Amino acid sequence: MDRRAFLAGGLAGGAALALAGCSGTLPKVDARVASFGRNATGTVHVWCRSATQAGLTAAVAGFNKANPKLQVELTPVPDGQYVTKLATAIRGGEPPDVVDIDDINSQLFIFREAFADLTDVVKGLDYFDAISPGHLRLLEYRDRYYGLPYLADNSQLFVNTELFDRAGLDVEDATKDLDSMLAAAKAIRKTGDDVYGWSISGNAAGIIGFVTQPHVWATGVDMMSGEVGKQTANITGNEALERMLEFYRQLWKDGVLSKATYADAGTTWGADFRAGKVGIFPTSYGATVPAATKAMRAKMQTVLIPSWDGKRSFFDGGDNMCIPNGAANPSGGWAFMQYANGLQQQQALPDGGYFPTRSDAATPAYRKKYPLAFGPLDAIEKGYAPQTLAYNLLVNQPSSPYFAMFREAVFGSGAAAAMKTAQSDYTRILDQVQA
Amino acid sequence: MTTVSNRRTGAGRPTVGRGVSRPGPSRNSLTHPPRTGAVLVTPAIVFVAVFVLAPLVFALYISFTNWPLIGPYRFIGLQNYLTLFQDPTFVHAIGYTLLYTAIVTVPILALGYFLAVLIRARRRGSTFLRTVFFLPYVVGLTTLSFMLVLEAQPNSGAVNMVLRWLGITDGSTAWLVNGPLATLLICVLVVWAVSGLTMVLVMSAMQGIPDEVYESAQLEGASWWQTERLITMPMIRSTLALSAIISVIGSLLAFNQFYILTQGGPGTETTTIVNAIYNRGFVNLQLGAATAESIALVVVIAAVTVFQFWALREKD
Amino acid sequence: MSTTASRAGLAAPDLSTRTLTTSGDGGRRRHHQGSVRHPRDTAVKRTLYVIAGVGATLVFGVPLIWSILRAFQSEAVITQAADPATFFQLGWQNFAAVFSPSSHLLTGVVNSLVVSIATAVLTAVIATMAGYGFARFRFRGSGVVFGLVLLTMMVPFQAILTPLYLEMNAMKLTNSLLGLVLFYTTVNLPFGVFVMRNAFESIPTELEDSAFVDGASRFRVVVSVLRPLLLPGAATAALYAFLASWTEFLGALTFLTKDSLYTLPVALLNLQTGAYGQVSYGNLVAGSVVAMIPCIALYVGLQRFYVAGLSSGALKG
C-alpha cells in the first residue's frame, strides 16, 4: 500500500513536471499594436533589483496614484539570484510584466529571445535621440531593440580639489591621460603621510571591472571582439589594456595606493575619499556622494576616465527595463516603463545615487541641483558597457579572469604573464558560454 | 540508546517490571496490523515522493541534456557524466570538501561529547549551561555566518580586535580573502555552532546509563578516561555513530557558510562541492552539467552513508 | 525484510529517553532529581566543573552578546577600527533602517513565523505517524521506504531547485506560503522520523497492549497514554523543523515572488547587499539580531518539554 502511494506520488509529480518542462517557448509580445501602452488596466508585476528598490518604490507610488485603473506591484530581488529567479520564472511560464534588470545581464535573455521586441515603440519616443547609446546597445540584437534603459550607474574619476590645489595641480590638465595622472597622484601622495594619491578596492571584482575597464574602452577596443554569440578574446596585443595595467602597477609600487588596497573588498568603498584623504578616486556617484558631508561635496569634482592617449570614456552600468515574452500585461508594462523614463522621474534619480539615461534630463535646474551628476550626460555617447553573454563570468565573479589578471598584473608578477593567462581563460569561458 | 546495547549491559532497559519487553516492530498483527502501519507511513512517503523523488527523477533527465538556464535545450546523453572530472573547479571542490569534512568531524563530536560530560552530572547551573551551549545551534549557521562576515573584517572586526589586543597580530588580517585562513575560520565557526547538537544527542543517550555502572567502575579504581572509553562510549555507541553520520552528510553538503563568507573565493580556493554545483548551474548557467554533478554527489553520499551504517552497526 | 538501517540496529537521536531513565527496574535505579550528590564529587572535580563551565559559557555566549551590541552601533563605527571614543555610542539607527517601510521586514517576520510554525507542527505530526508506523508495524517494503525518506537528507537542494520549481508551479504551489510549508516539511521529515521512530521504539509494547486490552482506540492510546513519552521527541522534531525553516532563504527566494510573501531571510538579503556586492553592515547585524530573537525565545520556551522528562519518572514500575 505504501509502495502504491509512493508510486502515485512520484507519477503525479513526474507528470506535472513533464507538462511543465514541455512548456517550451512563450507567446511573443507584439508591441506594434497601436494601442500598446495605452488604455491598459489591471496589475503590472514589476521586478526590481534590491539595490534599486528605494527609488522604484517612490516611482511606483507616484504611478499608482496617477493611474487608478492600472496598479503596479513591485517585487525586489537580490542581485545574486536575479538571473536565476527570472530564468526559472520564464521557464515556469509565469514571468513578470516588467523587469528592471542589470544592463549587463540583458543580453543573456535577449540573445535567447526571452524579451519582447519593442523596437517600434522605443524608436517612436520623442526623446529617442537623447537616450544613452551605451545602454541601448545592450538592448540591441540584430538591429532590433528589446527594452528601454532606465537608470545609469556610471564610473567617473572623482578628484579632491583641495588636495589638487595643495599640490599645485590643475584638474583638467592633470587628468588628461595616464602619465599625467600618475605624476599627479605621486605629487599628492607627497603632501602628507596619510594622504594618498589614488584609491581603489584591490580585492573587489565588480569594482575593479567597473572602474578600470573604461581606460581601455576609451580607445575604442574591448577585451572581447566580435558579434554577440561569436566572440573571441582580445587580451593579447591589447595595448590600451597593457598600459592601464602598467599604470596601476606603478601606482602600487610607488606607494601611491594605501597598503590596505590588496585586501580591500570594497566594504567601505569611498570612506577614505569622503574623509578627504584621497586625491583621485574612480567610483560611482551613488557610492560616494550621498554619504558625503556638504563640506566634502564642495571639494569634489568629476572628470571622465581617460585612456593612455587622452580619450575619455565611462562605464555604462545601470539598469534596463524589459518585458519578458509571455508577460500577462505587456501593455501595462510599457505604460509603466514610459513613466519611469519620464523627465521628472529621471531627474530624481541622483537622490538614490543613480544617473538618468537620457541626456535631455540635464536641464539648467538639474545641473544646479546636482553639480556632480551631469558629466556623463553631457558626453553620453562616450559611455560603454560590454555587449556579451559572459560578462559575469569574465569580469564580475571573484573567480573571473579579468579580476585575476588585474591582481596578477598589479600585485604579482606583472602584466605580461597576467595577460597571457587571461587570454586563454577568456577564450575558454567564451567557448563554453557560446557553445 | 538501542535495545542491543542495553541487552549487553543488562541495565536501564525500560520495562514495566513484567519481564522482558521487546521494543521494535510488534509481531502482534492483531494489535498492530501491517496495513495500519502502511497507512501511518503514507503521508511521509507522499511528501517525499512529490517534493524530493519526483524532482530528482526529473533532475536525472536534465542531467542527460545540456539544459541552459535560459533558452532551449537538447538531449546529449551521458556526455555530462563523461566530462564530470574535466571541470577543474569541480575536482578541486571535491578535494576541498573532503579536507573540510575531515577537519571538522572529529572536533564536532569531541566537543559535543565534552560538553555533554560537563553537564550530565547535573550540578547546579547545568541547565543554564545546556541552554547556553545549544544557543549557537539555535541561532543557526546562516545567521552566524552573516554575523561573522562583519567580525572577520580587517581592522574593524572582533576577531582582529581580539588578536591585536592579545598582541598576536596587528589586527589587519583579512581572514576571508585568504584561502587557508578563511578555511580555518569557517572550521572554527562550524565546530562552535554545531557541537551543541551533538551535545544534546549524546547527553540524552547518556541519561540511559544508570549510576550504578559508574559506581562499580569507581569501586574498581577506574580513572575518568577509562570509564569514558570502556563504559560510556560503548553504551552510547549508536548515538555517537548517528551523530557522526549526520555530521558527515552535513559537511559534504556544506554550502551556506561558504556562500556567505567567502563566495568560494579567493578564486575557487574555498569552493565546496555544492558551491561548485551552484555556480555551474546558476552562474555559468549550465544546469545540465551541474545537475549531473549533483546526481553524482547524491550517489556518493548515499554510498558513504550506507558504508557508515554498516561499519558502525551493532555487531550483535 | 529488514533493511540495512534496521539491521544496523541504530537508533535515532534519542531525546525521549530522558523520560525513561527513571523507569522502574525493580527499584534498583536511582532517580535523578535536581542536584544529586555524586560519590565522586570531590572539591577538585567541582572546581574543574566551575572553570570549564565558566570558560565554555564565555566561548558560547560572548559572541552572541557581542553581536547584539554591534547592532546598536552606527555603520561608521562598525566598519572602522574600534575607537574607544565612539565604541559605545549606541543607537537604534540600524533597526530603523531595517524596519523602514520599503523593507517589508515586519511582513517578513510575520511570514516567517507563520511558515516556520506551520512547518514545525506539520513535521511533528507526520513524523510521529511515520515513526509509529516504522517502529511498531511490520509491512512490506518498510525498509525501502525508510531508506527513501533517509535519502531526502542526502540530496543537495540546489540540484532539484529548478525541477522542483517547475513542478510546484504546475501544481500552483509557487508564490504561496502553503507551498513553502509543504516543501519545508518534506525537508525536515527525515530527522523527525528518526527521532520519533526511536521514541516509539523505546516504549515497551506492553504499554500499548495493556491500553488496548482496556478497550482504548489506537488514536486514544497514542495521544493520551503515550503522549508524555513522545512529547520530548515531538518537541525536538518540531524545534528542528522550526529552526531549519526560519533561516532558509534559497527556497523561499525561488518559490516566492510576491513581495508581501517574502520571508525574513529574503527580506534581509534584499537589505544587506547593494550593487557591486557591497554589504551594508549595520543592516546585516541588526537583521541578524532580529532573526535571532524568536529562535532563542522559542527554544527557551520549549525547554519545559524536556525538563519535565528530566525531573520526574514518567513510567513507574
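Predicted model: local features only at pLDDT ≥ 70, side-chain atom pairs only at ≥ 80, totals over all residues.
**Figure 1. Overall make-up of chain A.** Chain A contains 21 helices and 14 strands. Its radius of gyration is 23 Å, close to the 22 Å that the globule rule gives for 435 residues, so chain A is as compact as a globular protein of that length. Taken along the principal axes, the box filled by the C-alpha atoms of chain A is roughly 80 × 55 × 45 Å. Buried residues account for 60% of the 435 residues of chain A. Considering the contacts in chain A between residues at least 6 apart in sequence, 77% join residues at least 24 apart.

**Figure 2. Overall make-up of chain B.** The secondary structure of chain B consists of 14 helices and 0 strands. Read from the N terminus on, the elements of chain B run α-α-α-α-α-α-α-α-α-α-α-α-α-α. Chain B has 316 residues, of which 53% are buried. Of the contacts in chain B with a separation of 6 or more, 68% are between residues 24 or more positions apart.

**Figure 3. Packing of helices α5 and α8 in chain B.** Two packed helices are described by the angle between their axes and the distance between the axes. Helix α5 of chain B spans residues 126-139, and helix α8 of chain B spans residues 179-207. The two pack at an angle of about 120°, with their axes 7 Å apart. Because of this angle, α5(B) is oblique to α8(B). The crossing of α5(B) and α8(B) is left-handed. On the side of α5(B), the contact is made by Phe133(B), Phe134(B), Pro136(B) and Tyr137(B). These residues meet Trp192(B), Ala193(B), Val194(B), Gly196(B), Leu197(B), Met199(B) and Val200(B) in α8(B). By class, the contact of α5(B) with α8(B) comprises 10 nonpolar residues, 1 polar residue and no charged residues.

**Figure 4. Packing of helices α11 and α14 in chain B.** Helix α11 of chain B covers residues 237-252, and helix α14 of chain B covers residues 287-311. Their axes lie 10 Å apart, and the packing angle is about 165°. Angles over 145 degrees count as roughly antiparallel, and α11(B) is therefore roughly antiparallel to α14(B). In passing α14(B), α11(B) makes a right-handed crossing. The residues of α11(B) in this contact are Ala244(B), Ile245(B), Val248(B), Ile249(B) and Leu252(B). In α14(B), they meet Ile301(B), Val304(B), Thr305(B) and Gln308(B). The contact of α11(B) with α14(B) divides into 7 nonpolar, 2 polar and no charged residues.

**Figure 5. Leu285(B) in a loop of chain B.** Leu285(B) is placed in the loop between α13 (273-282) and α14 of chain B. The phi of Leu285(B) is near 65°, a positive value in a residue other than glycine. Leu285(B) has 23 C-beta neighbours inside 10 Å and therefore counts as buried.

**Figure 6. Overall make-up of chain C.** Chain C has 15 helices and 0 strands. Its 317 residues include 55% that count as buried. Among the contacts in chain C with a separation of 6 or more, residues 24 or more positions apart account for 81%.

**Figure 7. Lys172(C) in a loop of chain C.** The loop between α8 (157-170) and α9 (177-201) of chain C contains Lys172(C). Although Lys172(C) is not a glycine, its phi is positive, at about 60°. Lys172(C) counts as exposed because it has 10 C-beta neighbours inside 10 Å.

**Figure 8. Leu226(C) and its contacts in chain C.** Leu226(C) lies in the loop between α11 (218-225) and α12 (227-246) of chain C. With 18 other C-beta atoms within 10 Å, Leu226(C) is partly exposed. Neighbours within four places in sequence left aside, Leu226(C) is in contact with Ile203(C) and Val221(C). Leu226(C) and Ile203(C) are separated by 23 residues in sequence, and their C-alpha atoms are 8.3 Å apart in space.

Notes: Residues numbered from 1 in each chain as written. Chains lettered and ligands numbered in written order. Axes fitted to C-alpha atoms, helices over the stretch in contact; angles between N-to-C directions. Helix = DSSP H or I, 4+ residues; strand = E, 2+ residues; numbered from the N terminus. Parallel < 35°, antiparallel > 145°, perpendicular 65-115°, else oblique. Left-handed = near helix turned anticlockwise from the far one by under 90°. Contact = placed C-beta atoms within 7 Å. Nonpolar A, V, L, I, M, F, W, Y, C, P; charged D, E, K, R; others polar. Rg over C-alpha atoms; globule rule 2.2 N^0.38 Å. Buried ≥ 20, exposed ≤ 12 C-beta atoms within 10 Å, placed from the backbone.
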